[in-house]
Structure formats: structure tokens, C-alpha cells
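Good morning. Please have a look at it first.

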Amino acid sequence: MSLQQDLENRSGNKCELCTSTTNLSIYDVKPTITGGGGVDGSVLACETCITQIDNPEETDANHWRCLNDSMWSEYRGVKVVAWRMLSRLRAEGWPQDLLDMMYLEDDDLRFAKESGDHLDDSEKIIHRDANGAILEAGDSVVLIKDLKVKGSSMVAKQGTAVRRISLDHENAKYIEGKVGPTQIVIITDYVKKMAEKE
């Protein structure tokens, strides 16, 4: 069975967030590297929900009153998206009340926080490469100078591609990624974001 069919069966062919039955498609909960994608990390969602998730400036708070029901879903992807949207809207008042009732396992909560929706704009840590381009979890970067790896004799060479990076949520200068078999911490000043097609 395809992922689409699995999600349609699971949801009864309705948006798992607002129960709409029109313009449904698969929404992979980002970042897929830390838990999104697949049946557990995906949501069958309508075009309205997906547009507002991806474009915070288009968010209509009243549309999300549907989370009063969907936040109790047993499925990880649905719970994580519900938590993120309630966090984004918490200044409205009622979403904070729902958040106070909601419970996520530690792993799910860590995954939910990857989007930064729970932070005020002033608190958000923005990771930027050497050219000032914004880095996000799952991006690929290339090293722009040779880097000695602390605690080993290894040198990560200039030009090495590091794929599917993860971000340090406490320090804007640190990202993590694999060079060969080794997971290392890299300072963002020494990397350049790769274009999707590279």
C-alpha cells in the first residue's frame, strides 16, 4: 500500500487537522531527518492547513480551533503539528489553554520544538552560513576550509559536502553533520549552503 493510501485509511479520507474532505495531500512533518516522513511523521492535510503551516503570515487563528479535537490524535505527526500551531498562536489566549492540557512524550516534544514555533521572534536562533544564507535542519553544506576535528587526527577537507545537517538550538554558530562515518560539530562560519540540485 502507498503512503497516500495508508494515510487515507487512517484518517477516513479527511484532513487529520481540520476534517475537511477537499484538496487533501500528504504533508511531511519537517525536519524529516529527526522524525518526519513515513506514516508516523506525515499527516493527510487539506490545502488550507498546509498553506497556513508553511506560511505563518497567512495564518487564520480561527481556522485552527479545530485543534481542540485533533490535538488528541494518537498519531505522532498530527500531535506534533497541533503542538506547533498552538504554540505559534498562543498569544490569542485559547491556544495556550489547549497547550496546557496537551501532553507529548519527550521524543515527540523534542521533535515538535525543531520548528522553533514555540519561541518568540526575539528568542529564535538563526543559523547562517559564511555568506549569510539561513541554514535549516536537513540542509546540505560544503566546507570552505580545512577543519581539524577535535579529539581526533582527522581533518575535514575544504570542499567536503556535509549532507542533512542538524542545528544546535542553543548556539547559532554550531551545526552538526557527518563527515565520512564521523558525526562532528561544525562552526557555521566555515560552511556554505549547497543549492538543492548540487
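A word on the source. This is a predicted model, in which local features need pLDDT of at least 70 and side-chain atom pairs count only at pLDDT 80 or more, while totals for chains, interfaces and linings use all residues. Residues are numbered from 1 along each chain as its sequence is written, and side-chain values use heavy atoms, with hydrogens and water left out.

Helices and strands here are DSSP runs numbered from the N terminus, helices being H or I with at least four residues and strands E with at least two.

Let me start with helix 4, residues 76–88. Helix 4 packs against helix 6, residues 106–113, at an angle of about 50 degrees, and their axes are 9 Å apart. An axis is a line fitted to C-alpha atoms, for helices over the stretch in contact, and the angle between N-to-C directions runs from 0 to 180 degrees. Helix 4 and helix 6 are therefore oblique to each other. The cut-offs are these: under 35 degrees is roughly parallel, over 145 roughly antiparallel, 65 to 115 roughly perpendicular, and the rest oblique. The crossing of these two helices is right-handed. That word means that the near helix is turned clockwise from the far one by less than a right angle; if anticlockwise, the crossing is left-handed.

Which residues make the contact? Helix 4 brings Arg76, Lys79, Val80, Trp83 and Arg84, and helix 6 brings Asp107, Asp108, Leu109, Phe111, Ala112 and Lys113. Contact means heavy atoms within 4.5 Å. By class, five of these residues are nonpolar, none polar and six charged. Nonpolar covers Ala, Val, Leu, Ile, Met, Phe, Trp, Tyr, Cys and Pro; charged covers Asp, Glu, Lys and Arg; the others, Gly among them, are polar.

Helix 4 also packs against helix 5, residues 94–101, at an angle of about 140 degrees with the axes 8 Å apart. This pair is therefore oblique as well, and the crossing of helix 4 and helix 5 is left-handed. Trp83, Leu86 and Ser87 of helix 4 meet Trp94, Pro95, Leu98 and Leu99 of helix 5. That contact has six nonpolar residues, one polar and no charged.

Now the sheets. Strands count as paired if DSSP finds at least two bridges between them. Strand 10, residues 174–179, pairs with strand 11 over six bridges, and Ile175 has Ile186 of strand 11 as its bridge partner.

Another open sheet has three strands in the order 8-5-12, again antiparallel. Its edge strands are strand 8 (161–162) and strand 12 (191–193). Strand 5, residues 141–143, pairs with strand 8 over two bridges, and Val142 is partnered by Ala161.

Last, the loop residues. Most residues other than glycine have a negative phi. Asn13, in the loop between helix 1 (3–11) and strand 1 (24–28), has a positive phi near 65 degrees. Asn23 is found in the loop between helix 1 and strand 1, and its phi is also positive, about 50 degrees. Are they buried or exposed? Asn13 counts as partly exposed at 42% relative accessibility, and Asn23 as exposed at 53%. Buried means under 20% relative accessible area, exposed over 50%, and partly exposed in between, with a 1.4 Å probe and protein chains only.
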